[in-house]
Amino acid sequence: MGFFESDIVQEEAKKLFSDYQELMKLGSDYGKFDREGKKMFIKKMESLMDRYKVFMKRFELSEDFQAKMTVEQLKTQLSQFGITPDQMFDQMNKTLIRMKDELDKTS
């Protein structure tokens, strides 16, 4: 069975995409959230990022040709912006740290 034929992979991909879409929709109102709402949003983003890292690591470790091609396509797309997947995750993490720092300043 190919990597993408796995029910587990398909289910997780759908869930990640759905959760990401939901958080992006919520994020447009981030400035209107109270302190606790902002903390909850940041925690959900951290959790999603961790899940996404694990999901991507599975791609990297897979012997499946399509999975390897997907990783290479991601690397190629990100390289057009001058970054690697690790740098992308680092930037996402830095953004969340800045959001936390900003939240701490308002307490």
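The legends below describe an overall view and several close-up views of a predicted model.

Residue numbers start from 1 along each chain as its sequence is written, and side-chain values use heavy atoms, with hydrogens and water left out. In this predicted model, local features need pLDDT of at least 70 and side-chain atom pairs count only at pLDDT 80 or more, while totals for chains, interfaces and linings use all residues.

**View 1**
Helices (H or I, at least four residues) and strands (E, at least two) are DSSP runs, numbered from the N terminus. Along the sequence the pattern is α-α-α-α. The C-alpha trace spans about 50 × 30 × 20 Å along its principal axes. Of the 107 residues, 28% count as buried; buried means under 20% relative accessible area, exposed over 50%, and partly exposed in between (1.4 Å probe, protein chains only). Contact means heavy atoms within 4.5 Å. Of the contacts with a separation of 6 or more, 65% are between residues 24 or more positions apart.

**View 2. The contact of H1 with H2.**
The axes of H1 and H2 come within 11 Å and cross at roughly 150 degrees, which makes H1 roughly antiparallel to H2. Axes are lines fitted to C-alpha atoms, for helices over the stretch in contact, and angles run from 0 to 180 degrees between N-to-C directions. Angles under 35 degrees count as roughly parallel, over 145 as roughly antiparallel, 65 to 115 as roughly perpendicular and the rest as oblique. H1 passes H2 in a left-handed crossing; a crossing is left-handed if the near helix is turned anticlockwise from the far one by less than a right angle, and right-handed if clockwise. On the H1 side, the residues that meet H2 include Val9, Leu16, Tyr20 and Leu23. Those of H2 include Met45, Leu48, Tyr52 and Phe55. This contact has twelve nonpolar, one polar and six charged residues. Here Ala, Val, Leu, Ile, Met, Phe, Trp, Tyr, Cys and Pro count as nonpolar, Asp, Glu, Lys and Arg as charged, and the others, Gly among them, as polar.

**View 3. The contact of H2 with H4.**
The axes of H2 and H4 come within 11 Å and cross at roughly 165 degrees. H2 is therefore roughly antiparallel to H4, and the crossing is left-handed. Among the H2 residues that meet H4 are Phe41, Ile42, Met45 and Met49. H4 contributes residues including Phe89, Met92, Leu96 and Met99. By class, the residues of this contact divide into twelve nonpolar, one polar and seven charged.

**View 4. The contact of H2 (residues 35–61) with H3 (residues 65–79).**
The two axes come within 7 Å and cross at roughly 120 degrees, so H2 and H3 are oblique to each other. Their crossing is left-handed. Met56, Phe59 and Glu60 of H2 meet Ala67, Lys68, Thr70, Val71 and Leu74 of H3. Five nonpolar, one polar and two charged residues make up this contact. Val71, in H3, is buried at a relative accessible area of 7%. Apart from neighbours within four places in sequence, Val71 is in contact with Phe59 and Glu60.

**View 5. The largest nonpolar core, with 22 residues.**
A nonpolar core is a set of buried Ala, Val, Leu, Ile, Met, Phe, Trp, Tyr and Cys residues joined through side-chain atoms within 4.5 Å. Phe41, Ile42, Phe59, Leu96 and Met99 touch the most other members. Helices H1 (7–27), H2, H3 and H4 (85–105) each supply at least two residues of the core. The largest share, eight residues, comes from H2. Leaving aside neighbours within four places in sequence, Phe41 is in contact with Leu23, Leu26, Gly27, Tyr30, Phe33 and Met99. In soluble globular proteins, nonpolar side chains tend to be buried together.

**View 6. Arg58 in helix H2.**
Arg58 is partly exposed, with a relative accessible area of 38%. Not counting residues up to four places away in sequence, Arg58 touches Phe3 and Glu12. Arg58 and Phe3 are 55 residues apart in sequence and 9.4 Å apart in space, C-alpha to C-alpha.

**View 7. Glu5 in the segment before H1.**
Glu5 counts as exposed, at 52% relative accessibility. From Glu5 to Asp90 the C-alpha to C-alpha distance is 30 Å, and the two are 85 residues apart in sequence.
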